[in-house]
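Please read them with the structure open.

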There are 2 protein chains.
Amino acid sequence: MLNEKMLRLGRERSAIRELFEYGNGRAQEIGRENVFDFSLGNPSIPAPACVEQEIKRLLRDMPAQELHGYTSAAGDAQVRRAVASYIEGAFGVPMDGEHVYMTCGAAASLTIVLTALCEEGDEFVVIAPYFPEYRVFIENAGGMVKAARADKRFHLDMGSLDEAVTEKTKAVIINSPNNPAGTVYGENELKELAVLLKKKSAQKGAPIFLIADEPYRELTYGAAVPYPAAYYRDTIVCYSFSKSLSLAGERIGYLAVSPQCTGADDLFAAVCGAGRSLGFVCAPALFQRVCASCLGKSGDLSRYRENRDLLYNALRSFGYECVEPEGAFYLFVKSPLSDAKAFCERAKKYELLLVPSDSFGVEGYVRISYCVKRETIERSLPAFEKLIKEFE
Amino acid sequence: MLNEKMLRLGRERSAIRELFEYGNGRAQEIGRENVFDFSLGNPSIPAPACVEQEIKRLLRDMPAQELHGYTSAAGDAQVRRAVASYIEGAFGVPMDGEHVYMTCGAAASLTIVLTALCEEGDEFVVIAPYFPEYRVFIENAGGMVKAARADKRFHLDMGSLDEAVTEKTKAVIINSPNNPAGTVYGENELKELAVLLKKKSAQKGAPIFLIADEPYRELTYGAAVPYPAAYYRDTIVCYSFSKSLSLAGERIGYLAVSPQCTGADDLFAAVCGAGRSLGFVCAPALFQRVCASCLGKSGDLSRYRENRDLLYNALRSFGYECVEPEGAFYLFVKSPLSDAKAFCERAKKYELLLVPSDSFGVEGYVRISYCVKRETIERSLPAFEKLIKEFE
């Protein structure tokens, strides 16, 4: 009677959102301050002041029917030009407004580009650990997931990628700064990746695209974040303002195809077709304009650094194993039990809500989102200490 | 190299949006006031005052990280309860917040519910003339379009529906007030439709759903708009605030499944799965809350009535054939040429931008969107008069 796959997806929900809902339930029972919810990547710092200023300015200066009316499907022309010009200036990659498509956030950017690219039999390579929804989005577009492994410090493993990328590969998805591992890919590894993809594209006789999923671009702790499109021309950038401007719920981002990309115009047309066919119509009009005026700005991201330092140092001192994250707002911690799900269940005893790594495509880790209030981390530390003592 | 279907969809674009872009081009050449663009259903009246008031109140009263953060995938719990309670109060149909799913507008409501419902071999019945994107959305979900005909006054034709609805039918989509014909389905025809669907469901041995696409619910000129879910329990309501609150660009609406619907909980789970898999994440957070506070309100819709009366009466006096619209903001006018596309090309000579009916599934008509400034209509009348004189 129903589409079985959608029913299954809806029933399972994402493991992350499931935990988030569990936390809301516990909060009602024992008080929000006693639940240590590290499940969701929901920005915990307020949007920068420019967001509110810009909303108020637009309400004052633009007629409401224009401000809130449809934009072109790919976005308001001025907004698209502003984004293109920002990309050119900040990253030195050729871009024009005609190749920028405003979206309802990075998830929409991904489903749109995957739907635009996917033909029967196509494989999409992801790098484990990977964002679990990649699998959902790839399969919904009709593609197959092929997982390569990251190396031990969660950087690119060229050997594993060399095995995973074949003539069946339509695109490789990378995510730097990385969810869940906090890795930032350096210039050298992006260069090596470009060499590999060029070699494989030549073997295939058609371009293998690089999809750069970049919602965490601005969230780094010192590491430079090289722009993948500057190293490999067949790169499609999927960006979101969710994290930089703390607008996760407003669903606003973009997809950019450099005009130097192979078949850029056709690719962009297919993107327009995919956006139309998935029912996106246009990205939210008010926030398109707000974001265009706040390009390059961000909230006070230093608070995430303070959270990272506090939590990382404490967990290490308690005996947890973890690579220090270079970006994003996640710690990816080795589970003291090989069964990470069992470990996360044990953690709930201490009201600690952690996400097991299984849905990220690797076993034996947990993801801790530290985009929370500092006091949540402070109050949670005794619980983390007691938890690991159970396994000594 | 690309998905051919998406490339084709993207290249063709919608005939309506194509014309809209052509109009923008002409406006730059000869001045906006000299182009009579009747192509797009973009609301021409401002949002009611409650929208701006509510935005400002939320900016003042809610912490930014909460206001702009993720909501649950199905929407903010308070918003969902408010919508359910409004539906119960206004239409007397049982509803609860657990069965309301906030969406990025009616297009998203439709792609989500079609994806949730569609199994291999399913047919979806639409009634010609129908909104052209129904075909795109149905085919993207993997379904097949089966078109019934409306009667001569664009009301339901039970004979045609009886032929079109078979054991292969998963759902029937209705749209009242109707785009493009302006029809409002009355109580009697909804009752007859319910009888037909119950009979056909019994023959099939499974429910045939009714999808009520309702973005124009509030836009009527006196006619009552009966609530389809009150006549047929297996109804899924796809609503949008685009027209009632003039928020078309903000992409905000909902999907509601009455708890009395067959398998309501599973259906709702499949809806959640579909929303997730299409990449919607959640509906825009700020406007979820704005709309929940403006339920039942609307802009000054009387201006659309003035436009309708002015244009309808003038066109009739010039000799055009047209049924008087009971709702929405479209006139569906008989083309003096059997080839409506050729007629629309001729109309461009007078800077009149009209949409030929072919993509609506019928031949020989044009759609005129009268959600424009009154002066645009006034200035366009001599052009309409000259145009039809060519065919006398």
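Salt bridges, rings and a helix

B:Arg308 forms a salt bridge with B:Asp309, with the closest N and O atoms 3.1 Å apart. This is a predicted model, in which local features need pLDDT of at least 70 and side-chain atom pairs count only at pLDDT 80 or more, while totals for chains, interfaces and linings use all residues. Residues are numbered from 1 along each chain as its sequence is written, chains are lettered from A and ligands numbered from 1 in the order in which they are written, and side-chain values use heavy atoms, leaving out hydrogens and water.

Q: Is B:Arg308 buried or exposed?
A: Buried means under 20% relative accessible area, exposed over 50%, and partly exposed in between (1.4 Å probe, protein chains only). The relative accessible area of B:Arg308 is 7%, so this residue is buried.

Q: How many salt bridges does a search of the whole structure find over all chains?
A: A salt bridge is a side-chain nitrogen of Lys or Arg within 4 Å of a carboxyl oxygen of Asp or Glu. One of them joins B:Glu29 to B:Arg26, with the closest N and O atoms 2.7 Å apart. Over all chains, the search finds 52.

Q: Which helix of chain B holds both B:Glu29 and B:Arg26?
A: Helices (H or I, at least four residues) and strands (E, at least two) are DSSP runs, numbered from the N terminus. The two residues are three apart, about one turn of the helix, and the helix is α2.

Q: What kind of aromatic pair do B:Tyr239 and B:Tyr254 form?
A: Rings of Phe, Tyr and Trp (its six-membered ring) pair if their centres lie within 6.5 Å; planes under 30 degrees apart count as stacked, over 60 as edge-to-face and the rest as tilted. B:Tyr239 lies in strand β7 and B:Tyr254 in strand β8 of chain B, 15 residues apart. Their rings are 5.0 Å centre to centre with 25° between the planes, and the pair is stacked.

Q: Why do the buried residues of α13(B) lie on the same side of the helix?
A: The buried residues of this helix (residues 340-348) are B:Ala340, B:Phe343, B:Cys344, B:Ala347 and B:Lys348. The arc is taken from the directions from the helix axis to the C-beta atoms. The residues are on the same side of α13(B) because they cover an arc of only 150°.
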